[in-house]
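Q: Please walk me through this model one feature at a time, giving the general idea behind each reading before the particular case.

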Amino acid sequence: MPRLDLRGDARARKRIGKAFESLIALQARLRAPNGCPWDREQTHDSLRTYLVEETYEVLDALDSGDARKFADELGDLLLQIVFHAELAAEAGKFDIADVIEQIYTKMVRRHPHVFGKVRAETSADVLKNWEQLKAEERAKSKASEAKAPEAKAPEASILDAVPRSLPGLLEAHQLTRRAANVGFDWQDVKGIFDKLAEETAELKQSLASGDGRAEKIEEEVGDLLFVGVNLARFLGFDAEIALKKANHKFAGRFREMERIAASRGQSLSGLSAAAFDALWNEVKSGDGKDTAGKRRAVLADRA
């Protein structure tokens with residue numbers, strides 16, 4: 001089994017090693033007594049928001065197709081990791097070398113089909129083995145945490161690793177993805193559409209019954225959303241990212257409606273339902289048109 005060599009080959013690691021070590025030294029300098037007041041005030045808790053924000057900015061950069069922007073945002077995300085490792089090192093808990101060694105060892109352990117004798121012919125086989133290995137790791141971890149040495153390892157679930165603090169869409173995606181990795185999934189997309197129709201019918205029935213039970217209606221809405229997340233995952237998409245793009249598209253179209261209405265001396269609040277539909281369709285029909293002209297306008301603004 002390959003081991004992480006922190007010494008490495010000087011020629012091979014010269015550029016990467018020097019750049020990484022410089023970044024670590026820079027963050028330590030910012031945290032030093034004569035460093036940056038803001039950096040010195042930060043804690044693991046205060047940095048939580050930035051870690052989330054930087055992750056989403058990386059995704060935005062990825063969608064933009066701009067390689068330089070993508071690299072820049074990945075750097076911001078990397079800084080968050082280095083920052084947290086520096087805080088931990090100051091507290092005597094671990095340092096960046098421990099972080100690297102942990103992930104290196106874990107990746108080797110979870111790829112027995114590469115570094116061991118386990119066979120995996122397809123990516124599905126890899127994912128199934130991956131989930132089984134993680135379940136075994138969690139079971140061992142729970143057993144070691146038990147107070148009594150003879151304590152029996154508690155039953156571990158492949159779902160244990162899904163953080164409960166995740167937003168609903170991300171949690172649903174992770175739960176169903178992990179279940180699918182061990183074979184619990186639809187055979188084809190038709191089955192999901194059938195389930196979507198079933199949940200839609202149940203929601204309509206709850207609304208039509210007039211029993212006024214908000215909890216039941218909420219439950220049916222949740223079931224419908226859950227199936228929608230499954231549909232996105234089954235087709236190879238992340239529902240959270242897909243929804244973010246839909247949000248962006250809606251916001252753009254709505255702002256265009258506001259602009260058009262204002263140019264005509266109108267206010268959206270005064271439009272009828274029919275007028276709203278007409279304006280919305282007008283904006284939709286204009287999507288994607290005159291793209292070259294819009295790009296020229298943007299470039300002219302930047303000039």
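This is a predicted model: local features need pLDDT of at least 70, side-chain atom pairs count only at pLDDT 80 or more; totals for chains, interfaces and linings use all residues.

A: Let us begin with charge pairing. Side chains of opposite charge can pair when their charged atoms come close. Residues are numbered from 1 along each chain as its sequence is written, and side-chain values use heavy atoms, with hydrogens and water left out.

Q: Which helices does the salt bridge between Arg31 and Glu90 link?

A: The side chains of Arg31 and Glu90 meet at 2.6 Å, N to O. Arg31 belongs to helix H1 (residues 10-31) and Glu90 to helix H4 (residues 67-90), so that this pair links distant parts of the chain, 59 residues apart; helices here are DSSP runs of H or I with at least four residues, strands are E runs of at least two, and both are numbered from the N terminus. For accessibility, buried means under 20% relative accessible area, exposed over 50%, and partly exposed in between, using a 1.4 Å probe and protein chains only. Arg31, at 13% relative accessibility, counts as buried, whereas Glu90, at 42%, counts as partly exposed.

Q: Where do Glu282 and Arg264 lie?

A: Glu282 sits in helix H12 (residues 273-286), while Arg264 is in the loop between H11 and H12, so their pairing ties together parts that are 18 residues apart in sequence. Their side chains meet in a salt bridge at 2.7 Å, N to O. Glu282, at 33% relative accessibility, is partly exposed, and Arg264, with a relative accessible area of 47%, is partly exposed.

Q: What is the nearest side chain of opposite charge to Glu54, and how far away is it?

A: For this reading, Lys and Arg count as positive and Asp and Glu as negative, with His and the chain ends not counted. Glu54, in helix H3 (residues 48-64), is buried yet has no salt bridge, and the nearest side chain of opposite charge, Lys69, is 11 Å away. Leaving aside residues up to four places away in sequence, Glu54 touches Glu73, Asp76, Leu77 and Gln80, a contact being heavy atoms within 4.5 Å. Glu53, found in helix H3, counts as partly exposed at 40% relative accessibility. The C-alpha atoms of Glu53 and Leu77 are separated by 9.0 Å, although these residues are 24 apart along the chain.

Q: At what angle do helices H8 and H11 cross, and which residues meet there?

A: Helix axes are lines fitted to C-alpha atoms over the stretch in contact, and angles run from 0 to 180 degrees between N-to-C directions. The axes of H8 (residues 168-181) and H11 (residues 239-263) come within 8 Å and cross at roughly 145°. Leu169, Leu170 and His173 of H8 meet Ala239, Glu240 and Leu243 of H11. The buried residues of H8 are Leu170, Ala172, His173, Thr176, Arg178, Ala179, Ala180 and Asn181. Just after H8, Gly183 takes a positive phi of about 100°.

Q: How many helices and strands does the protein have, and what share of its residues counts as buried?

A: The protein has 13 helices and zero strands. Of its 303 residues, 21% count as buried. Among contacts between residues at least 6 apart in sequence, 50% join residues at least 24 apart.

Note on methods: A salt bridge is a side-chain nitrogen of Lys or Arg within 4 Å of a carboxyl oxygen of Asp or Glu.
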